There are 2 protein chains.
Amino acid sequence: MTMQVDTDAFLSDLHELRRIGAFKTGVHRPTYSPEDMESRRWLMAKMEAYGLKPEMDGIGNVLGRHPGNGPRLLAGSHIESQNEAGWLDGALGVVSALHLARSGLPVDVVAFADEEGHYGGFIGSRSFTGLLEEAEIDRLSNRYHGKPLRQALEEAGLAGRKRMQFEPGRYKAFLEMHIEQGRDLEGNGLRIGVVTGIVAIWQWKITITGQQNHAGTTTMAERRDAGLTMVRLLAMIDQEFPRHCAERTVWTTGRILMTPNAQSIIPGTAEVMFQYRDVDRAVLDRLEIALRRCVAESNRRERCPAVLEAVSKAVPALCDDGLQEALAGAAEALTPGGWQRMPSGAGHDAQYMAPHIPSAMLFVPSINGISHHWTENTSDADLALGMRVLAEGARRALAA
Amino acid sequence: MTMQVDTDAFLSDLHELRRIGAFKTGVHRPTYSPEDMESRRWLMAKMEAYGLKPEMDGIGNVLGRHPGNGPRLLAGSHIESQNEAGWLDGALGVVSALHLARSGLPVDVVAFADEEGHYGGFIGSRSFTGLLEEAEIDRLSNRYHGKPLRQALEEAGLAGRKRMQFEPGRYKAFLEMHIEQGRDLEGNGLRIGVVTGIVAIWQWKITITGQQNHAGTTTMAERRDAGLTMVRLLAMIDQEFPRHCAERTVWTTGRILMTPNAQSIIPGTAEVMFQYRDVDRAVLDRLEIALRRCVAESNRRERCPAVLEAVSKAVPALCDDGLQEALAGAAEALTPGGWQRMPSGAGHDAQYMAPHIPSAMLFVPSINGISHHWTENTSDADLALGMRVLAEGARRALAA
């Protein structure tokens, strides 16, 4: 017999949260905005109502502690949203965690602040795991309108509050349910994803330096066209990466900036933001070797030098095998054959918990794969099923 | 015995004009600005002083008519400048024309308005040759600050003035001296360029449509990355064009715009401004065929469709053979072995005169190839030599 969950109450709370900062069918709840702070206070009231002792800390993390002794789980996600975006991204993980506690399981519930990075990606979960220094808080500001983080915390009434650190030994595991934000489950007619790990993003910047000049009077032999060197290098990478990637590796040039970027002027500089993602460290390492080889070859052939810079290299966060088994067992019991194991191509707070305690994630389908947009959605039936699988998985994990 | 010219007076006038709208060692004389209008009034006073009858028309063209009968030449260029740019670009052609008249040759002198395109490229020479409609003047506005052309003309005191048309049969030829704006003469240790023709620019826009999506959660198989399709297409063009180009063809992707151009988002669209230039119509045509083949092949292979659009296709303007002989003879007489024939990779007012009357251009070296920058320069010695070659060439052309 699987864990009993009042999925109507779960859906009711999800839809109630949806009304805070409502924007069309989604929400606009940027971190530390009035709507975001209202959602945190809503959450604390719910925590109280469901028997947890709530606290909000100096970075805006909200933790609801389960009274009594262990063994205990931690569960949650983030509660702020991208601008004018979806109602489930983050909110699903927080409300489902709340309902693990409401169902009687010994679960602390957490909402980490600013996973979405209005000020700095994952500053809440990083703060909770001891990775956020005061000096970094001093430096950060809002990426859209530039407000300093210190000022935002002040305006939100959080200045001077201590920041919580997670208590080692308090939790047996961390669980986070999330929408897939992709089309894989929907495309394969499945309803649950048991996440194998969270890919690491290795973000690179390639800067190519040429010589800005007149496109008409500068001969082909003489010109140093940074844009052309860029095209040749990206074409080389396009040829090389399939030789070294793994089955689910993704790589993307998302951003290109040439100067002066004028139709009759030879580009003097070209800047490329190139990234790749995989869950396997060995793959990430060999793609770096391939990338460096391409840049070195470009520098041997071309007149415009290219400089490769690692902007950030995250660590893949593997989900705990035992927890995966618990969730897989729950999924098979509740939707036989209707689930798969899969990596998470997007970052989540779970990746910061994973180095400290066994962690796992559960995915539900995203309709049309849409996220970071107000049309983001998942059917109530799939949300309810996810809640039941999460609860049964949590029960099994605690029993193991 | 070659034509006598007072090159000291020529250089003196050039340096005097340099003081109007002076900016560091260059000038800032945007079309119809107070400085530009002052330079036009300066020019008209010089025309009077040198025995010409000056007139400024409704688009700002300034024409100084030589009294007496033909045969007669027209000579000149433009007098406004790019923003914070060089003192010689355009000004050299106007002042050298002035000194053809001052030297006693039967020459009308012209300064065409806005060759530099603050409002619309070549509107002065296009107006003079009957290619500028009132409706176009109504539509045009300043590309930097958006002021409507009509308003600028009003503020410059030109509203309501008729626009001059060149008189068919009045001129035997058109001559324009200009700085090279490239490094070819300097690089080859030469002092004079006899221009064979003005290249035509064929400007294309390539628009590629993909699907914007999450760079982490969208698999490589499923994504439709407009930026990647763009890189592959540009790489294909890079391979193909050398198979079809001529010796001095140039081709350039000056401008790339991807949306949303964010590091973690698969580009949904990519727009490319691609151009090529040559003086031979047959070359321009076969490059179009090659370009269309590349786009067609891209559309056969790729998931993101590419649309090719001709933005503009100018006509190459060949310089008259007889005038080239006259200038070449003058160059050989005054700087034996110190000159070459060469095309102009940049557009000039001469390209609009060329369909109507035999036209030719003369180049002097640009130090470091710099133009469209306030450091643009040519030595006084090279300027003076150019003036003498132009005068001797004009004498020979009139005698022929």
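The model is predicted, and in it chain B can be laid on chain A with an RMSD of 0.1 Å by a turn of 180° and a shift of 0.0 Å along the axis. That is the relation of a two-fold axis. Between chain B and chain A about 3700 Å² of area is buried, and over all chains the structure holds 54 salt bridges.

**Symmetry of the two chains**

- Two copies of a chain are related by a rotation about an axis and a shift along it.
- Of the residues of chain B, Val231(B) comes closest to the rotation axis, with its C-alpha atom at 2.8 Å.
- Because 100% of the interface residues of chain B are also interface residues in chain A, the copies meet through the same surface.

**The interface between chain B and chain A**

- On the two sides of the interface, 45 residues of chain B are in contact with 45 residues of chain A.
- The size of an interface is often given as the accessible area lost when the parts come together, and of the area of about 3700 Å² buried here, carbon and sulfur atoms give 51%.
- Between chain B and chain A there are 22 residue pairs in polar contact, and four salt bridges are found across the interface.
- In the salt bridge that Arg232(A) forms with Asp238(B), the closest N and O atoms are 2.7 Å apart.
- The elements of chain B that give two or more residues to the side touching chain A are β10 (213-214), α8 (226-240), β11 (250-259), β12 (265-266) and β13 (269-278), and the largest share of that side, nine residues, comes from β11(B).

**Salt bridges within a chain**

- The side chains of Lys46(A) and Asp13(A) meet in a salt bridge with an N to O distance of 2.7 Å, and this pair links distant parts of the chain, with Lys46(A) in helix α2 and Asp13(A) in helix α1, 33 residues apart.
- Both Lys46(A) and Asp13(A) are buried.
- Glu134(A) and Arg150(A) also meet through their side chains in a salt bridge, at 2.7 Å from N to O, and the pair links helix α5, which holds Glu134(A), to helix α6, which holds Arg150(A), across 16 residues of sequence.
- Glu134(A) is partly exposed, with a relative accessible area of 41%, and Arg150(A) counts as partly exposed at 33%.
- Glu134(A) and Arg150(A) belong to a network of salt bridges that also links Asp138(A) and Arg163(A).
- In chain B, Arg243(B) forms a salt bridge with Glu240(B), the closest N and O atoms being 2.6 Å apart; Arg243(B) counts as exposed at 58% relative accessibility, whereas Glu240(B) counts as partly exposed at 23%.

**A helix and a strand residue**

- At 1.5 Å a residue, the 20 residues of helix α12 (residues 380-399) of chain A should span 28 Å, which agrees with the 29 Å between its end C-alpha atoms.
- Helix α12(A) is mostly covered, since 14 of its 20 residues are buried.
- Gln340(B) lies in strand β16 (residues 339-344) of chain B and counts as buried because its relative accessible area is 15%, which is under the 20% cut-off.
- Among the residues that Gln340(B) touches, not counting those up to four places away in sequence, are Asp184(B), Asn188(B), Ile192(B) and Arg248(B).

Methods: Residues numbered from 1 in each chain as written. Chains lettered and ligands numbered in written order. Predicted model: local features only at pLDDT ≥ 70, side-chain atom pairs only at ≥ 80, totals over all residues. Heavy atoms only, no water. Helix = DSSP H or I, 4+ residues; strand = E, 2+ residues; numbered from the N terminus. Buried < 20%, exposed > 50% of the residue type's maximum accessible area, 1.4 Å probe, protein only. Contact = heavy atoms within 4.5 Å. Least-squares fit on C-alpha atoms with pLDDT ≥ 70 in both. Expected span 1.5 Å × (residues − 1). Buried area = accessible area lost by both parts, 1.4 Å probe. Polar contact = N/O pair within 3.5 Å; in protein donor to acceptor, adjacent residues only side chain to side chain.
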